[in-house]
Amino acid sequence: MSRAAWLSGSPMRSSLALLALLATAAAPAKNPPQLQAQRYGETRAGRVQTLAVVLHGDTDSSVASAYSFSEAAAKAMPGSTAIALLRPGYVDGAGRKSPGERGTGNGDGYTRERVGEVARSMIDLRKRYRKAKIILIGDGGGAALAANLIGIYPTLADGVMLLSCPCALPEWRRAMAKRAPGQGYDQPVASLDPLQTIGGIPATIRAAMLVGADDPATLPRYSRTYAEALALRGIAVDFRILPGRNGTLLTEPEVTDAMKRLVSGLPAKRK
């Protein structure tokens, strides 16, 4: 049984002008190449009630895990489609490669440019699946990307689920520099810290965060810090620490359950 907490707080006023400025400053270029994607579930866009968009972690092996999770997610939610996006510069098992430059894996893969590249695909999906509630699911480094994306492009998802998120980025990189010396974690990077982009997230977003209690890399306190920051913005967060888990969570039944709760808590889309 997991330890769970619903965090909530009083909504804080945000500046619409600031949100517009952030979105405009980071607006993707016109007609760039799209990220590669693997699609599961309902194929008729007009009939899709829920669209789950999944961002894999920083490692090569995380790509296959994201594909497997997306297939299972589509089966778990009738009338849904799940799409695993291949992050910029990554190659999947079929040899497909997404455009853009891949990070080196030391926390340098969450830059404004890479967030914009993911946003381009999200914009296209939002237009295609107009009737669907959209949830963005990020695993590991993909969770950091997802958190930054909803902070800069707050209209592209109705809900977000962050798994094993290095959401307190500077603290995580300092800890990783000690845990894995010589891997570049002590070098400057241009990545965005999710705690710095959180101000753009509207209170209407629904969120879920899960992390393994024994995860040696993305410690639970990084997720808790971000969950508490969301709560201060008046955003209810289904925050769970899973006992005994020390690695990827995509295969855990608690993740599927959290996804269903997240979707059921979203307001119905207008016809």
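How many salt bridges does the structure hold? The structure holds 13. A salt bridge here is a side-chain nitrogen of Lys or Arg within 4 Å of a carboxyl oxygen of Asp or Glu.

## Basis of the model

This is a predicted model, in which local features need pLDDT of at least 70 and side-chain atom pairs count only at pLDDT 80 or more, while totals for chains, interfaces and linings use all residues. Residues are numbered from 1 along each chain as its sequence is written, and side-chain values use heavy atoms, with hydrogens and water left out.

Helices (H or I, at least four residues) and strands (E, at least two) are DSSP runs, numbered from the N terminus. Buried means under 20% relative accessible area, exposed means over 50%, and partly exposed lies in between (1.4 Å probe, protein chains only).

## Salt bridges across the chain

Asp58 and Arg87 meet through their side chains in a salt bridge, at 2.9 Å from N to O. Asp58 sits in the loop between strand 3 (50–55) and helix 2, and Arg87 in the loop between strand 4 (80–85) and helix 3 (112–128), so the pair ties together parts 29 residues apart in sequence. Asp58 is buried at 18% relative accessible area. Arg87 also counts as buried, at 2%. A second salt bridge joins the side chains of Asp158 and Arg126, at 3.4 Å from N to O. This pair links distant parts of the chain: Asp158 is in the loop between helix 4 and strand 6 (159–163), Arg126 is in helix 3, and they are 32 residues apart. Arg126 is buried, with a relative accessible area of 18%.

Glu171 forms a salt bridge with Arg221, and their closest N and O atoms are 2.6 Å apart. Glu171 belongs to helix 5 and Arg221 to helix 7 (residues 220–232), so the pair ties together parts 50 residues apart in sequence. Glu171 is partly exposed at 26% relative accessible area. Arg221 counts as partly exposed at 44%. Elsewhere, Asp238, Arg240 and Arg261 are linked in a network of salt bridges.

## Helix 4

Helix 4 covers residues 141–152. The expected span of a helix is 1.5 Å times one less than its number of residues.

Is helix 4 largely enclosed or exposed? Of its 12 residues, 12 are buried, so helix 4 is largely enclosed by the rest of the structure. The buried residues include Gly141, Gly142, Leu145, Asn148 and Ile152. Ala147 lies in helix 4 and counts as buried at 0% relative accessibility. Ala147 and Leu162 are 15 residues apart in sequence, yet their C-alpha atoms are 7.5 Å apart in space.

## An aromatic pair

Rings of Phe, Tyr and Trp (its six-membered ring) pair if their centres lie within 6.5 Å; planes under 30 degrees apart count as stacked, over 60 as edge-to-face and the rest as tilted. The count comes to one aromatic pair. The ring centres of Trp172 and Tyr185 are 5.7 Å apart and their planes stand at 85 degrees, so the pair is edge-to-face. Trp172 lies in helix 5 (residues 169–179) and Tyr185 in the loop between helix 5 and helix 6 (194–197), so the pair ties together parts 13 residues apart in sequence. Trp172 and Tyr185 are both buried.

## The largest pocket

On a 1 Å grid over the protein atoms alone, a cavity is a set of points where a 1.4 Å probe fits but cannot get out; a pocket is an open set with protein on both sides within 12 Å along at least five of seven lines, and lining residues have an atom within 4 Å of a point. Grid points are joined across faces, edges and corners, and a volume is the space filled by probe spheres set on the points. The largest pocket has a volume of about 510 Å³.

The largest pocket is lined by 24 residues, and Asp58, Thr59, Gly140, Ala217 and Thr218 lie nearest its centre. Helix 2 (61–76) and helix 5 are the elements that give two or more residues to this lining. The lining divides into seven nonpolar, 13 polar and four charged residues. Here Ala, Val, Leu, Ile, Met, Phe, Trp, Tyr, Cys and Pro count as nonpolar, Asp, Glu, Lys and Arg as charged, and the others, Gly among them, as polar.

## Two loop residues

Ser164 is found in the loop between strand 6 and helix 5. Ser164 has a positive phi of about 50 degrees although it is not a glycine. At 5% relative accessibility, Ser164 counts as buried.

Gly103 is placed in the loop between strand 4 and helix 3. Gly103 is buried, at 13% relative accessible area. Gly103 and Gly89 are 14 residues apart in sequence and 7.9 Å apart in space, C-alpha to C-alpha.
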